[in-house]
Amino acid sequence: MFLSKLLPNLRNPLVRRDLSSLYEMHRTLLSGGFDGVSKADLGRVLFRTDTDRYGGNPVVLVQSEREPSWGNLPANYLIARAQSKPFDLVVSTGQKLRFRLRANPTKRIASKNEVLGSVMLGKRIGLTTETERIRWLLRKGDDGGFRIPGKWVDANDPETGDAIQLPNFRVDVIPEGRDWNDKAGCRDGRFLAVRFEGVLEVSNVEKFRAAIVAGIGSAKGYGFGLLSVGPA
């Protein structure tokens, strides 16, 4: 695999378009870094938009199975030369790693809704509460060969007194609102964006490697699913 770091030029109108429509950015990245490569040979390409360490200029991180060549990006698209390097994931069972994941946590409507009837039956909707989002991440960890160290803590709702569970995990859940989706069929035209940051523990090396390559969750072509890891 390969990791690339791109610094977009905000003065370029194409950059501003791509940052406001990540579907367009995905198209730009594929044509700018992998021009001429067939879809069958390309493999998975994941990307995420971040900001620099000062919280200002945008940064685009790209993970690809093939080595990219960024010479076909539009003129003046970047403010500095693209940085790319090979990425060989070497981990062991029980190893703890810091992680960052920008995801689109969803659930599928499995039964008829009293208000909407069967209109939404079988469709995916975004998860809106922190508890739902953490449970989603834990399920993805079960499938993806990792776990989040911690446990659920029994508590009572301070307003109603009802029994609830609170998360005691080394993970931050950061809502990022909704990203525009110009693909037909998406409910209200937007994806719900959530950034997870914290510490994970590898539970199955092969599953974890597969999850890194494939990404986590849905909407990978819209800047979601790239799981970045580093020393804890």
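**Figure 1. Lining of the largest pocket.** Of the 32 residues that line the largest pocket, Lys5, Arg48, Asp50, Leu61 and Ser228 lie nearest its centre. The model is predicted: local features need pLDDT of at least 70 and side-chain atom pairs pLDDT 80 or more, whereas totals for chains, interfaces and linings use all residues. Residues are numbered from 1 along each chain as its sequence is written, and side-chain values use heavy atoms, without hydrogens and water. A pocket is an open set of points, on a 1 Å grid over the protein atoms alone, where a 1.4 Å probe fits and protein lies on both sides within 12 Å along at least five of seven lines; lining residues have an atom within 4 Å of a point. The space in the largest pocket is about 830 Å³, a volume being the space filled by probe spheres set on the points. Strands E1 (2–6), E2 (45–51), E3 (58–64), E4 (83–86), E5 (96–103) and E13 (227–231) each supply at least two lining residues; strands are DSSP runs of at least two residues (E), and helices of at least four (H or I).

**Figure 2. The largest nonpolar core.** This core has 27 residues, and Phe99, Leu101, Leu137, Phe196 and Phe208 touch the most other members. At least two core residues come from each of E5, helix H4 (130–144), strand E11 (171–180), strand E12 (190–202) and helix H5 (205–214). A nonpolar core joins buried Ala, Val, Leu, Ile, Met, Phe, Trp, Tyr and Cys residues through side-chain atoms within 4.5 Å; buried means under 20% relative accessible area, exposed over 50%, and partly exposed in between (1.4 Å probe, protein chains only). Apart from this core lies another, of 15 residues, including Val15, Val62, Leu73 and Leu78.

**Figure 3. The aromatic pair of Tyr23 and Tyr222.** Seven aromatic pairs are found in the whole structure. Tyr23 and Tyr222 form a stacked pair, 5.6 Å centre to centre with 25 degrees between the planes. Rings of Phe, Tyr and Trp (its six-membered ring) pair if their centres lie within 6.5 Å; planes under 30 degrees apart count as stacked, over 60 as edge-to-face and the rest as tilted. Tyr23 belongs to helix H2 (residues 22–33) and Tyr222 to the loop between H5 and E13, 199 residues apart. Tyr23 is partly exposed, at 33% relative accessible area, whereas Tyr222 is buried, at 8%.

**Figure 4. The aromatic pair of Phe34 and Trp70.** This pair is edge-to-face, with 5.8 Å between centres and 75 degrees between the planes. Phe34 is buried at 4% relative accessibility, and Trp70 is buried at 10%.
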